Each structure stands twice: as structure tokens, then as C-alpha cells.
Amino acid sequence: MNNDYIYWTFTAAAQCVSTFVALLLTGYALVLSQIEAARARDDSLSEIHDALRKVYHTRLTALAWLTALAVLLSLPVVGADAGERADQQIP
């Protein structure tokens, strides 16, 4: 197997994970604005809204930490591959 594939895979993986998380955060922002609009029309939804907001915040925090961990764990592979490339180019 060529080392270029390893380098490309881990570089592309970080970009894909970041894009996925950005889409999730955008969706969260849209849902949150819809929940706020429903809450403004009916004050009895206040408790439900607060509970949902807490659950969403907890899940997004866990997702952010997991994403950061995944990206950070991919860096040693890319770094090791770059180190191998540098060693191979020295005559």
C-alpha cells in the first residue's frame, strides 16, 4: 500500500468530521430558533424548552469533545507519515 493513501485518508477524515459537526451545529441553531418561536407563543412550553436545551447542550458538548479527540488522534498518523516521507527523500 502506498503511503500517499494513508496521508490523504487522515487529512480528508479531519475535513469530513469538521464539515459534519458544522452541519449539526447549523441544524441545532435552526431548531433552537424554532423552539424559541414556539415558546414565545405559548409560555407553558418553558419547562420543556429548558429541558430540551439542557439535553441538546450536553450532547453537543460531548460531540465537540469527541470531534476534537478524533482530529487530535489523526494528527500523529499524519505526522508519522510526513516524517517517513522526509526520511525517504534524504539520499
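This is a chat about a predicted model of a protein and the contacts in it.

Student: What should I know before I start?
Tutor: The model is predicted, so local features need pLDDT of at least 70 and side-chain atom pairs count only at pLDDT 80 or more, while totals for chains, interfaces and linings use all residues. Residues are numbered from 1 along each chain as its sequence is written, and side-chain values use heavy atoms, with hydrogens and water left out.

Student: How many helices and strands does the protein have?
Tutor: Two helices and zero strands. Both kinds are DSSP runs, numbered from the N terminus: helices are H or I with at least four residues, strands are E with at least two. Helix α1 covers residues 3-41. Helix α2 covers residues 46-89.

Student: What share of the residues is buried?
Tutor: 11% of the 91 residues. Buried means under 20% relative accessible area, exposed means over 50%, and partly exposed is in between (1.4 Å probe, protein chains only).

Student: And the surface?
Tutor: The protein exposes about 7100 Å². Carbon and sulfur atoms supply 68% of that area. Accessible areas come from the Shrake-Rupley method with a 1.4 Å probe; for residues, only the protein chains shown count as cover.

Student: Which residues form a nonpolar patch on the surface?
Tutor: L66, L69 and L73. Together they have about 320 Å² of accessible area. Patches take residues with over 30% relative accessible area and no salt bridge; like charges are joined within 9 Å, nonpolar side chains (Val, Leu, Ile, Met, Phe, Trp, Tyr) within 5 Å.

Student: Why does L66 count as exposed?
Tutor: Because its relative accessibility is 55%. L66 is in helix α2.

Student: New topic. How many salt bridges are there?
Tutor: A search of the whole structure finds two. A salt bridge is a side-chain nitrogen of Lys or Arg within 4 Å of a carboxyl oxygen of Asp or Glu.

Student: Which residue does E36 meet in a salt bridge?
Tutor: R53, at 3.7 Å from N to O. E36 is in helix α1 and R53 in helix α2, 17 residues apart, so the pair links distant parts of the chain. E36 is partly exposed at 32%. R53 is partly exposed too, at 35%.

Student: What does D50 pair with?
Tutor: D50 forms a salt bridge with R39, and the closest N and O atoms are 3.7 Å apart. D50 lies in helix α2 and R39 in helix α1, so this pair ties together parts that are 11 residues apart in sequence. D50 has a relative accessible area of 40%, which makes it partly exposed. R39 is partly exposed at 24%.

Student: Where is H49, and is it buried or exposed?
Tutor: H49 lies in helix α2. At 2% relative accessibility, H49 is buried.

Student: What does H49 touch?
Tutor: Leaving aside neighbours within four places in sequence, H49 is in contact with L32, I35, E36 and R39. Contact means heavy atoms within 4.5 Å. The side chains of H49 and E36 also make a polar contact, at 3.3 Å. A polar contact is a pair of N or O atoms within 3.5 Å; within protein, one must be able to donate a hydrogen and the other to accept it, and residues adjacent in sequence count only if both atoms are side-chain atoms.

Student: What about T67?
Tutor: T67 is in helix α2. T67 is buried, at 14% relative accessibility. A polar atom of its side chain lies 2.8 Å from the backbone oxygen of L63. T67 touches V17 and V21, not counting residues up to four places away in sequence.

Student: How many aromatic pairs does the structure hold?
Tutor: One. The rings of Y28 and Y56 have centres 6.0 Å apart and planes at 90 degrees, so the pair is edge-to-face. Rings of Phe, Tyr and Trp (its six-membered ring) pair if their centres lie within 6.5 Å; planes under 30 degrees apart count as stacked, over 60 as edge-to-face and the rest as tilted. Y28 is in helix α1 and Y56 in helix α2, 28 residues apart.
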